[in-house]
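Please read the following note with the sequence and the model open beside it. The points are numbered so that each can be checked in turn.

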2 protein chains.
Amino acid sequence: MAKNEKVTIYDISKRLNISAATVSRALNNNPKISEKTRELVMKTAQELNYKQNRLALALKSGKTNSIGVIVPYINRNFFSAVIDGIEKQLTPHGYNMIICQSHEDAINEADHITSLLNTQVDGIFMSVSMTTHDTIHIEKILENNTPLIFFDRKKDIPGVSSVTIDDFRGGYMATEHLIQQGAQRIAHFCGDLNLEIYKNRNNGFLRALEDHNIPINKNLIIHTNSRIEAGAEAVAKLWSKKNRPDAIFSSSDYAALGAIQELRKLKVKIPEEVGVVGFSNEPFTKYMELPMSSIDQTPVTMGEIAAQVFLEQINNKQHVLSVEKRVVLAPELVVRKSSNKMKSFKGTPPVSTE
Amino acid sequence: MAKNEKVTIYDISKRLNISAATVSRALNNNPKISEKTRELVMKTAQELNYKQNRLALALKSGKTNSIGVIVPYINRNFFSAVIDGIEKQLTPHGYNMIICQSHEDAINEADHITSLLNTQVDGIFMSVSMTTHDTIHIEKILENNTPLIFFDRKKDIPGVSSVTIDDFRGGYMATEHLIQQGAQRIAHFCGDLNLEIYKNRNNGFLRALEDHNIPINKNLIIHTNSRIEAGAEAVAKLWSKKNRPDAIFSSSDYAALGAIQELRKLKVKIPEEVGVVGFSNEPFTKYMELPMSSIDQTPVTMGEIAAQVFLEQINNKQHVLSVEKRVVLAPELVVRKSSNKMKSFKGTPPVSTE
DNA sequence: TATTTCTTTGCAATCGATTGCGTATAACTA
DNA sequence: TAGTTATACGCAATCGATTGCAAAGAAATA
């Protein structure tokens with residue numbers, strides 16, 4: 001009852017004049033314990049308010065029942081939504097989640113990996129930072145025999161499972177949608193091509209043009225980062241020349257936002273003169289005065305599936321040396337006003353608010 | 001070098017033919033160890049790639065070097081920003097953060113508390129859920145002698161530290177700002193008055209009116225929740241009658257957003273005819289076509305200070321029985337277009353994007 | 001040289017829970 | 001009744017690291 005003293009199985013064993021071993025077995029429903037003692041132990045445990053010491057258990061078993069998650073920024077809707085998905089699946093299994101931010105810095109990433117391995121987490125989920133090039137620090141996870149699951153941003157390491165979306169398809173869908181809306185001169189804002197995700201979105205864009213017999217115009221492919229200003233600048237430049245585009249597919253919602261802001265300054269009508277589609281379906285896209293079409297990456301689902309892959313993996317562990325599962329999710333096109341010329345709004349049903 | 005085998009101090013001790021105790025002391029720079037042995041141990045530890053087993057340490061010391069954070073939703077900018085702040089301060093001290101979501105459900109909250117206490121975290125940070133009324137599950141944290149820090153949403157429990165913002169002041173500032181813009185009939189969308197934060201915002205609103213000799217008109221106080229629709233409905237109702245308001249102070253950014261959307265449908269000019277100020281400074285507010293004024297709760301600072309309070313608390317622990325520190329942060333008014341009638345934009349400098 | 005005082009190191013217990021192995025008692029068979 | 005087989009439980013080691021106490025060896029003093 002006292003505030004501080006933790007009750008252990010030894011306290012129970014003393015109280016009942018039996019050994020701690022028996023108490024432990026009774027508590028774990030070991031069949032070798034008689035019904036009578038088991039009940040007695042259970043009752044006493046309740047009375048004394050016994051709580052199992054997870055540290056002792058962890059030391060003995062080597063399992064901590066906690067997993068680590070490394071993301072660039074927790075403070076970004078996409079990542080926090082993935083974490084939400086992971087939590088949904090893992091909490092019922094008694095896991096705790098340890099969250100770390102890399103801040104897009106490979107060194108932080110490495111430090112967090114070291115720390116998580118020292119903590120002996122039962123698994124690590126990560127989305128690699130933009131500045132991560134070599135993977136020696138990531139391979140330490142495997143050397144340590146800790147399950148690793150990549151989500152969204154991955155590295156090609158044999159034996160490592162991953163859950164990503166089909167960025168190629170996302171790029172293709174966005175582009176094809178614009179073409180179906182009548183666009184012929186589509187500009188593409190593409191991110192750092194060293195990152196798989198941007199390369200794939202770009203490839204999807206190119207393929208869609210090809211499939212629809214639209215010539216590729218390199219002047220319409222603008223390399224931008226994911227900032228609002230970058231989108232605004234890109235538009236300013238494009239509109240300062242002749243042969244302006246009649247649509248924009250941006251691989252970033254933020255750059256697309258900047259583009260829309262700039263277009264409105266220039267009195268360009270959206271979507272009549274220019275259709276715009278972004279990527280990621282950030283929450284703000286649907287709150288805009290002129291709601292923006294975007295590609296949804298289904299982050300919650302991504303987290304849930306990553307968690308499921310992890311659970312499968314640890315269940316097979318006893319016999320299998322290495323499992324690798326690569327899940328690729330289908331992105332979803334969310335059509336909103338910024339790209340919809342049809343009178344009757346005909347897109348996916350509005351995403352639920354809040 | 002082998003993948004799996006963990007190196008312990010015993011491995012080092014065998015290699016050097018000394019006792020594990022000596023190895024342990026050498027590793028911890030205990031002055032009773034000779035320079036020669038210390039160096040030898042250090043070198044060997046490096047060679048063998050020794051890593052301290054934090055579980056063993058935790059079992060021995062009772063300290064896990066991890067803290068728990070319980071928030072309603074991680075997937076909400078305010079909360080993930082607070083977590084970001086906590087992380088900033090605690091990572092350098094070697095702490096891991098275990099994140100839990102209550103989903104605004106008191107039962108989840110209680111379960112997470114139990115789990116965190118079993119994990120023996122060194123401290124718990126929490127923002128209580130909306131459905132939490134009694135506090136017995138929270139008091140278990142104290143009975144367990146675990147430091148507890150409330151942030152933003154707190155309960156009055158003696159001996160518990162908290163970091164909140166001055167919601168009264170926030171309400172006052174928003175209202176006064178609208179008055180200074182010439183408003184005389186200010187509507188207030190207020191949330192559930194059972195929650196301290198909404199009650200305080202409401203009181204701030206009332207006091208500002210009083211201080212400026214504006215009569216309080218109960219018809220202008222609308223009880224809404226934090227959803228877009230609620231704001232739109234409130235506007236629809238207000239504008240269906242005579243004596244319409246000339247300003248709106250909403251205790252929720254979402255309700256304010258709904259209000260703006262509805263006002264635009266009604267062709268009401270913002271801010272000329274009606275000024276609008278929200279609360280929380282959600283990211284979308286600055287991305288809107290008509291950027292919304294709002295009250296910033298400085299969540300990152302809130303997290304940082306909460307972490308500092310925690311660190312102070314555990315450092316005093318040896319002598320002090322109970323410390324309680326209540327930090328109240330000043331909210332910041334961010335003036336944007338939705339409430340600014342002056343020609344020259346004169347508000348706080350624009351928040352950095354991304 | 002004998003005695004005292006430091007240095008430096010080792011022994012063994014401890015933090016709780018688990019578990020292989022062994023054994024006392026009870027129950028059963030011949 | 002003697003012998004066999006379950007049944008129920010205890011002993012002691014284990015998971016790694018830490019630490020109070022004791023002791024061996026070295027250095028210093030008388």
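1. The model under review is a predicted one. This should be kept in mind for every value quoted below.

2. How are chain A and chain B related? Chain A is superposed on chain B by a rotation of 180° with 0.0 Å of shift along the axis, and the RMSD is 0.1 Å. That is the relation of a two-fold axis. Both copies use the same surface, since 100% of the contact residues of chain A recur in chain B.

3. The contact between the chains draws 50 residues from chain A and 50 residues from chain B. The size of an interface is often given as the accessible area lost when the parts come together. Here, about 4800 Å² is buried between chain A and chain B, and carbon and sulfur atoms give 48% of that area.

4. Two salt bridges are found across the interface of chain A and chain B. In a salt bridge between the chains, the side chain of A:E289 meets that of B:R264, with 2.2 Å from N to O. Over all chains, the whole structure holds 22 salt bridges.

5. Chain A is assigned three domains: domain 1 covers 9-52, domain 2 covers 65-166 + 299-330, and domain 3 covers 167-297 + 333-339. Between the C-alpha centres of domain 1 of chain A and domain 2 of chain A the distance is 38 Å.

6. Is strand β5 of chain A, residues 161-165, mostly covered or mostly open? The strand is mostly covered, and five of its five residues are buried. A:S161, A:V163 and A:I165 point one way from β5(A), while A:S162 and A:T164 point the other way; all are buried.

7. Strand β5(A) has paired neighbours. Strand β4 of chain A, residues 148-151, runs parallel to β5(A) and is joined to it by three bridges; A:F150 stands opposite A:S162 of β5(A). Strand β11 of chain A, residues 326-329, also runs parallel to β5(A), with four bridges joining the two. In that pairing, A:L329 of β11(A) stands opposite A:I165.

8. Side chains of opposite charge can pair when their charged atoms come close. In chain A, A:R38 forms a salt bridge with A:E35, and their closest N and O atoms are 3.7 Å apart. Because A:R38 and A:E35 are three residues apart in helix α3 (residues 35-48) of chain A, about one helical turn separates them. A:R38 has 11% relative accessibility and so counts as buried, whereas A:E35, at 48%, counts as partly exposed.

9. In chain B, the side chains of B:K325 and B:E312 meet in a salt bridge of 3.0 Å, N to O. This pair links distant parts of the chain: B:K325 lies in the loop between α13 (299-316) and β11 (326-329) of chain B, and B:E312 lies in helix α13 of chain B, 13 residues apart. B:K325 is partly exposed at 35% relative accessibility, and B:E312 is partly exposed with a relative accessible area of 36%.

10. B:R326 and B:E324 also form a salt bridge, with their closest N and O atoms 2.6 Å apart. B:R326 is partly exposed, its relative accessible area being 39%; B:E324 is partly exposed at 37%. In chain A, a network of salt bridges links A:K154, A:D156, A:E324 and A:R326.

Terms used: Residues are numbered from 1 along each chain as its sequence is written. Chains are lettered from A and ligands numbered from 1 in the order in which they are written. This is a predicted model: local features need pLDDT of at least 70, side-chain atom pairs count only at pLDDT 80 or more; totals for chains, interfaces and linings use all residues. Side-chain values use heavy atoms; hydrogens and water are left out. Copies are superposed by least squares on the C-alpha atoms of residues with pLDDT of at least 70 in both. Contact means heavy atoms within 4.5 Å. Domain bounds come from an automatic or database domain assignment. Buried means under 20% relative accessible area, exposed over 50%, partly exposed in between (1.4 Å probe, protein chains only). Two strands pair if DSSP finds at least two bridges between them. Buried area is the accessible area (1.4 Å probe) that two parts lose on being put together, summed over both. A salt bridge is a side-chain nitrogen of Lys or Arg within 4 Å of a carboxyl oxygen of Asp or Glu.
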